[in-house]
Amino acid sequence: MSLDIYLRIKGAVQNPAGPRIYIRDDGQIKEISLAEWDTRFPDREPVTVVEREDTDCIYRANITHNLATMATHAGLYQPLWRPEEMGVTQARQLVDRLQAGLRRLQADPGYFRTFNPSNGWGTYEGLVQFTADYMAACERWPDTEVSVSR
């Protein structure tokens with residue numbers, strides 16, 4: 001199970017070009033380039049996905065639910081998993097909350113690593129990177145609509 005987040009611009013249509021390669025890494029589904037695939041898996045052919053639908057989604061990310069406890073302790077659970085319960089509808093409304101949670105995470109890595117899932121699906125580093133990337137996307141596209149799927 002995972003959390004999927006989306007930033008959308010209503011009426012703006014993005015039509016992703018070409019095949020994409022996705023891998024599961026550090027509790028997230030990540031897109032990588034063919035060159036990165038070839039470096040990581042030199043003797044294997046990737047499975048590619050061709051996205052044919054037009055979409056108004058300009059940013060999406062995914063992270064394992066296994067990091068929810070860590071996120072809770074950092075003050076990130078509500079902004080990440082349940083933004084609608086905070087009245088958040090636009091990305092600009094998340095920036096300060098994500099920044100505060102990211103600062104908490106970075107201020108005490110040892111404490112937050114104690115919440116690393118024992119099954120290895122997700123890590124402190126993964127949540128830090130996920131939050132930093134999401135915050136950057138919210139800063140870049142402040143007027144986008146926020147939605148999540150849990």
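I count two strands as paired if DSSP finds at least two bridges between them. Strands (E, at least two residues) and helices (H or I, at least four) are DSSP runs, numbered from the N terminus.

The model is predicted, so I note that local features need pLDDT of at least 70 and side-chain atom pairs pLDDT 80 or more, while totals for chains, interfaces and linings use all residues. Residues are numbered from 1 along each chain as its sequence is written, and side-chain values use heavy atoms, with hydrogens and water left out.

**Sheet.** I looked up Ile21 and found its bridge partner in S3 to be Ile32. Strand S2 (residues 19-25) runs antiparallel to S3, and 5 bridges join them. I then traced the open sheet of 3 strands, whose order is S3-S2-S4 with antiparallel pairing. S3 (28-32) and S4 (49-50) are the edge strands, each pairing on one side only.

**S1 and S5.** I found 7 bridges between strand S1 (residues 2-8) and S5, in the antiparallel sense. Tyr6 has Arg60 of S5 as its bridge partner. In S5 (residues 57-64), 7 of the 8 residues are buried (under 20% relative accessible area, 1.4 Å probe, protein chains only).

**H4 and H6.** I looked up how helix H4 (residues 95-107) packs on helix H6 (residues 124-140): the angle is about 155° and the axes are 9 Å apart. H4 is therefore roughly antiparallel to H6 (angles over 145 degrees count as such). The contact (heavy atoms within 4.5 Å) includes Leu98 and Leu102 of H4 and Leu127 and Met135 of H6.

How values were computed: Axes are lines fitted to C-alpha atoms, for helices over the stretch in contact, and angles run from 0 to 180 degrees between N-to-C directions. Angles under 35 degrees count as roughly parallel, over 145 as roughly antiparallel, 65 to 115 as roughly perpendicular and the rest as oblique. Buried means under 20% relative accessible area, exposed over 50%, partly exposed in between (1.4 Å probe, protein chains only).
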